[in-house]
Amino acid sequence: MDRTEDDRTGMDPATLRRAVLDHLHFTQAKDLSTATPRDAYVAVARAVWDRLVHRWTSTQRRYREVDAKRVCYLSMEYLLGRQLESHLLTLGVRRMAELGAREFGLELESLLQQEPDPGLGNGGLGRLAACFMESLATLDLPAVGYGLRYEFGIFRQEIRDGWQVEQPDEWLRRGNPWEIQRPEYTMTVPFGGYVTQGIDPDGRFRVRWKDAHRIHGIPYDMPVPGYGTNTVHTLRLWSAHATEQFDLRLFNDGDYRRAVEQKAVDEALTKVLYPSDSNPEGKRLRLMQQWFFVCCSVADVLRRHLRDHETVTDLPDKVALQLNDTHPSLTVAELMRVLVDQHELEWDEAWQITTATCGYTNHTLLPEALERWSMDLFGEVLPRHLQIVQEIDRRFLRHVHVHSKGDAELAQRVAIVDEDHRQLRMAHLAVVGSHRVNGVAELHGQLLREQLMPDLDALFPGRFTHQTNGVTPRRFLLQCNPGLAEILDRRVGKGWVQDMDRLVGLLQFEHDPELHAELAAVRRANKVRLDERLRAWGGPGIDPDVLLDVQVKRIHEYKRQLLCTLHVIWRYHQLREGATLLPRTVLLGGKAAPSYLRAKHHVQLFCDVARTVSADRVARGQLDVVFVPDYNVTRAQRIIPAADLSEQISMAGMEASGTGNMKFMMNGAITVGTLDGANVEIRHAVGEEAFFLFGLDASDVALTRARGYDPARTIASSPRLQVVLELLEQGYFDPEHRVVHAEVARYLREEDPFLVTADFDAYVDIQDAVDTARADEAGWWSKVVRNIACSGWFSSDRTIRGYAEEIWGLRPVDVPLVPLESEGTEPGVR
């Protein structure tokens, strides 16, 4: 083997060291005396990149050789987290990299800190997509992911005087060593224009979309490697580029702004994730963004397919299109447009191909989150698609009419086109146009069928199912909690990383004092590490010797961060009254949508409470309250392994699944939660004694709401609630924010749609039970063991196997490494 090949692909320490030095010199144009930490990071990243590319090209070549069916996963979000450490672990060279960095007088941790979190996602939806892509590669299941390359992510969160301030997330400012631009696969996306209809020379009815404004979609590919395998998949992200970059005539006339104005407007499509839709222009931008994503992705899927197949009629045999939530639901209409208008298939044949190819994952039970588009706006942006959706709806309602013997009310409820409100129901389009519709937890699947879409379930027997979400144990245990991983290696064997079912072997040590002591030592070390990072992030630290109570997730009323805050206030009040309580730190983090004022008020209230408690000597050493700004994957990887208590307290019947609950469980945190989402399955797995349950269940919530809930009556019967709300109304936690705090109290007294007041007393009681349980050292660590040991079911590997077998019809494809001199295919092409 010659040296060039060895430097690019070799895995021994000397070769890797030489590869890093070569990239430092030839990629960064630096030597050891002039290199910055950023230069060193890029050099290491590019050396890793070379080894991934070798596997990447081998994977694409193998899939083409065997003509593998693959899933094309369409998601508006991919919350990836930092890539370097993950790739080092995947390649099995993390320890080698750590030792190599020290040879150069560097710490690997300092290099890892040079990498920003990719701004490609926001919450659980995006993190789930990232976990799924990693598990697909680990399981050797052929796949490609599609998304958008957001220039500024969603936003970088700052807290000023308790208030959330959004700043651009400039994650691409210094470049991204983990991507490659693919301009040769640029797609052209039409917007607006008009539609003509007529008969072609062969006497067939034809439709033409004319005079559309066009924007280019340029793909950027990122590798997604599997653990313990040669498989590397492609995550293809689309970036919007103007077809005309610059108007020279206007520039020469001195009109410099207008010379680049259209470019700025066109390229705004991929500037940020989820632009605010609180105004008409924001709504238009969101629709255009979703269409841009779908158009590019569907065109690329068909380009790949037709490269190796003569016809589109066998598309379902080779491609599964999975729609991750409602955002990509336009895929149904776009695939129909391409098949009918461009490939000239008859409608019925095109529809059979579309429904056999598409699958839809629903992620919400909130009716307002099931997207609806104004027909007027939709028709302006996508005139041909409006016609197609109307035709899909017309044919569907004809089926409904026959099935229901003319039930007009049923037809109105299930219609895709809501004529009364002049809106299009995109979730209904996704359901009607897919062969499978899945919820993401057992309870969610049940509520989806019985409450959210019972009519559609009846019309399509067997179409609705569920696949309980999961998380990758590679990032959220092996990588983020190496101390615990080492214990698991010794106790159940190293194979657990790829076979999480092996963790049940830990149950034989459930009451083992030696294991308890090992877990306690790791937990404390993780808290020390978190304390250091919190201070480095510019905030207060934590005491590693007290219980750490954590709620980190997207800020939303139904997730009830407010309930956690009210309990903190009550606990603080008890301390002020002279009570003796188990010392506790309450840590909260998450982002509120920029236009979601009520959620932002809840953030401000928590921060005000934290500031007041921290300044009070009475609470010192007894109660600490911390808000972690700009919560992301990297911060999650520090927080989760340190947590003792996992707050999963959404109102029952609202959380589709949750994945944070699984990450905490996997690391041994004990859940305090309602019977909502995957909490139901977590409690079933660990047993009642290792889960702190409180509150109304989904049926109780439905009954309470149906009867007309009166929060004032509940408050009147709860002395604890009265104390807490009076403190808010007095402006106790910040007189300058008294109006905001009083509004929070008013809302709870008069409206309280998410039943915070209904569950408050039960929540306080279960927190008291937590204190009691924590005082029993042996009993507490036995609960921790049970949570870790029973977490195997919540691996994304198990979830993906379910999708592959029950929805996609995928089979694993083993990938042998191809010698460099052999002819291959480019990464991302296939």
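User: Helices (H or I, at least four residues) and strands (E, at least two) are DSSP runs numbered from the N terminus. Which elements each supply at least two residues of the lining of the second largest pocket?

Analyst: The model is predicted, with local features needing pLDDT of at least 70 and side-chain atom pairs pLDDT 80 or more, while totals for chains, interfaces and linings use all residues. Residues are numbered from 1 along each chain as its sequence is written, and side-chain values use heavy atoms, without hydrogens and water. A pocket is an open set of points on a 1 Å grid over the protein atoms alone, with protein on both sides within 12 Å along at least five of seven lines; a cavity is a set where a 1.4 Å probe fits but cannot get out, and lining residues have an atom within 4 Å of a point. The elements asked for are α4 (84-91), α5 (94-103), α6 (108-112), α20 (473-479), α21 (482-492), α22 (513-536) and α25 (633-639).

User: What is the volume of the second largest pocket?

Analyst: A volume is the space filled by probe spheres set on the points, which are joined across faces, edges and corners. For the second largest pocket this gives about 750 Å³.

User: Which residues are closest to the centre of that pocket?

Analyst: Its lining has 10 nonpolar (Ala, Val, Leu, Ile, Met, Phe, Trp, Tyr, Cys, Pro), 14 charged (Asp, Glu, Lys, Arg) and five polar residues (the others, Gly among them). Of these 29 residues, the closest to the centre are Glu85, Leu89, Arg94, Gln479 and Pro482.

User: Which residues lie nearest the centre of the largest cavity?

Analyst: The largest cavity holds about 230 Å³. Its lining has nine nonpolar, six polar and four charged residues. Among its 19 lining residues, those nearest the centre are Gln83, Ser86, Glu134, Val224 and Arg475.
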